Amino acid sequence: MTATQHLQSTSRPIGTHDLEASRALVLGATGNFGSAITQRLLQQGWHVTALKRDLTGLPSDARIDWRQGDALNQKDVVNACQGCQIIVHAVNPAGYRNWETLVIPMLENTLQAARHHQACVFVPGNIYNFDAHAGTHIGEDTPQQPSSKKGQIRVLMEQKLQAFAQQGGRCVVVRCGDFFGPSSNSGWFEKGIAPKGATSKRLFNLAEPGIGHQWAYIPDVAEVMMQLILRRHELPDFARFHMAGHWDHDGKQMINTAAQVIAQQRGSRPCIKTFPWWLICAASVFNPTYKELLEMRYLWQHPLHLSNEKLIALLGTEPHTPLKEAITETLNES
């Protein structure tokens, strides 16, 4: 079932009282995932408040209340949360950098706002919490033993969320693989596999031969989070759910499907090359962003796969857009 089909089957009419009561604060509303969950909330009839430092050039939508402010400013976040039942914490430091100094302060501001307004916090999680040997059946209770700085920060984030829940708050983590989709412009797919989108003449395979990799189509993740938002009162105060997403079992499915889509659209098949990790290694000495990317290389050298059994038990099915359709949409928007 695609995210669109799931949307049609689960959407419900919203009454006047619901419209007045249903408001969400989205932090990172113009980002890869933030923009997708914002649109899904609007489709479901919610009003959205979005916080952004620079309000120039934003799309005009009367249903979005844009507030000028900074996720690093606690007062801005607390004020923006007025009247909101949920906060979607989808904000990350720009350029894959400065996680050590920015990630935790932003989360703490979100938790303070949620505490002040009794809002439920929703956070998109990732697989960084686990090391190279976590395996291919990673459950919500699998021990988190990160091997990277980013992984350590992600674990600390979840520890703070859990502590917040123990103190009377409520929060939900939706963990998935690497993002790709029409709203993404800075992920591994767009920057690594197909850096020029549908016009790419060369595609780059990031994975070691035979190594599986987990991907998450952003509209599917947004649909899962939307369904959990609607069921939030049924969930424990601290809840984690894993998505299966798209499992590329041998590291070739994503890139071969992308090559097929491009060939059908353009009439010529792009050639497939091995990603130049050696160049990233060399450039990382001078480029901090490359150094940060290199830290996560182990995800392409070892198969890590999340199990979605808990999610299936709750929802009955996981929204899942077919791979070719998902890649076509992604390439067309690149």
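Reader: Before the sheets, what makes two strands a pair here?
Author: Two strands pair if DSSP finds at least two bridges between them. By that rule, three strands form an open sheet in the order β7-β9-β11, with mixed pairing. Keep in mind that this is a predicted model.

Reader: Which strands sit at the edges of that one?
Author: β7 (178-180) and β11 (246-248). Each of them pairs on one side only. The twist from one strand to the next averages 35°.

Reader: And which helix packs on the sheet?
Author: Helix α8, residues 218-230. It touches β7, β9 and β11. The direction of α8 makes about 70° with that of β9.

Reader: Mixed pairing, you said. Which sense goes with β7 and β9, parallel or antiparallel?
Author: β7 and β9 pair in the parallel sense, over three bridges. Asp 178 has Trp 215 in β9 as its bridge partner.

Reader: How do β9 and β11 run?
Author: Antiparallel. Three bridges join β9 (residues 213-217) to β11. Trp 215 turns up again here, standing opposite His 246 in β11.

Reader: Is β9 buried or exposed?
Author: Five of the five residues of β9 are buried, so the strand is largely enclosed by the rest of the structure. Both faces are covered. His 213, Trp 215 and Tyr 217 are buried on one side, Gln 214 and Ala 216 on the other.

Reader: Switching topic. What is the strand order in the seven-strand sheet?
Author: The order is β3-β2-β1-β4-β5-β6-β10. This sheet is open, with parallel pairing. β3 (64-68) and β10 (238-242) stand at the edges with a single partner strand each, so one side of each has no neighbour in the sheet. The twist averages 20° from one strand to the next.

Reader: Give me one pair from it. How many bridges between β4 and β5?
Author: Three, in the parallel sense. β4 covers residues 86-89 and β5 covers residues 120-125. Ile 87 has Val 121 in β5 as its bridge partner.

Reader: Which strands does helix α3 lie across?
Author: β1 (23-27), β2 (47-52), β3, β4 and β5. Helix α3 itself spans residues 32-43. It runs at about 170° to β1.

Reader: Now charges. How many salt bridges?
Author: The structure holds nine. Side chains of opposite charge can pair when their charged atoms come close. One of the nine joins Glu 223 and Arg 40, with the closest N and O atoms 2.5 Å apart.

Reader: Why does that pair matter for the fold's layout?
Author: Glu 223 lies in helix α8 and Arg 40 in helix α3, so the pair ties together parts that are 183 residues apart in sequence.

Reader: Are those two buried or exposed?
Author: Buried means under 20% relative accessible area. Glu 223 has 1%, so it counts as buried. Arg 40 has 4%, so it is buried too.

Reader: What does Arg 240 pair with?
Author: Glu 158, with the closest N and O atoms 2.9 Å apart. Arg 240 is in strand β10 and Glu 158 in helix α6 (residues 149-166), 82 residues apart. Both are buried. Glu 158, Arg 175 and Arg 240 are linked in a network of salt bridges.

Reader: And Asp 237, what is its partner?
Author: Arg 170, at 4.0 Å, N to O. Asp 237 is in the loop between α8 and β10, and Arg 170 is in strand β6 (residues 170-175). Asp 237 is partly exposed at 39% relative accessible area. Arg 170 is partly exposed as well, at 21%.

Reader: Last helix: how far does α9 reach?
Author: 20 Å from first C-alpha to last, over 14 residues. That is close to the 20 Å expected at 1.5 Å a residue. Its buried residues include Met 254, Ile 255 and Val 261. Gly 267 follows the helix, with a positive phi near 90°.

Reader: What does Asn 256 touch?
Author: Arg 269 and Ile 272, leaving aside residues up to four places away in sequence. Asn 256 is in α9 (residues 253-266). At 32% relative accessibility, it counts as partly exposed.

Reader: Where is pLDDT under 50?
Author: Over residues 8-20. The model has 14 contacts beyond four places in sequence for that stretch. The protein averages a pLDDT of 91, and 93% of the residues score at least 70.

Methods
Residues numbered from 1 in each chain as written. Predicted model: local features only at pLDDT ≥ 70, side-chain atom pairs only at ≥ 80, totals over all residues. Heavy atoms only, no water. pLDDT = per-residue confidence, 0-100. Contact = heavy atoms within 4.5 Å. Helix = DSSP H or I, 4+ residues; strand = E, 2+ residues; numbered from the N terminus. Axes fitted to C-alpha atoms, helices over the stretch in contact; angles between N-to-C directions. Buried < 20%, exposed > 50% of the residue type's maximum accessible area, 1.4 Å probe, protein only. Expected span 1.5 Å × (residues − 1). Salt bridge = Lys/Arg side-chain N within 4 Å of Asp/Glu carboxyl O.
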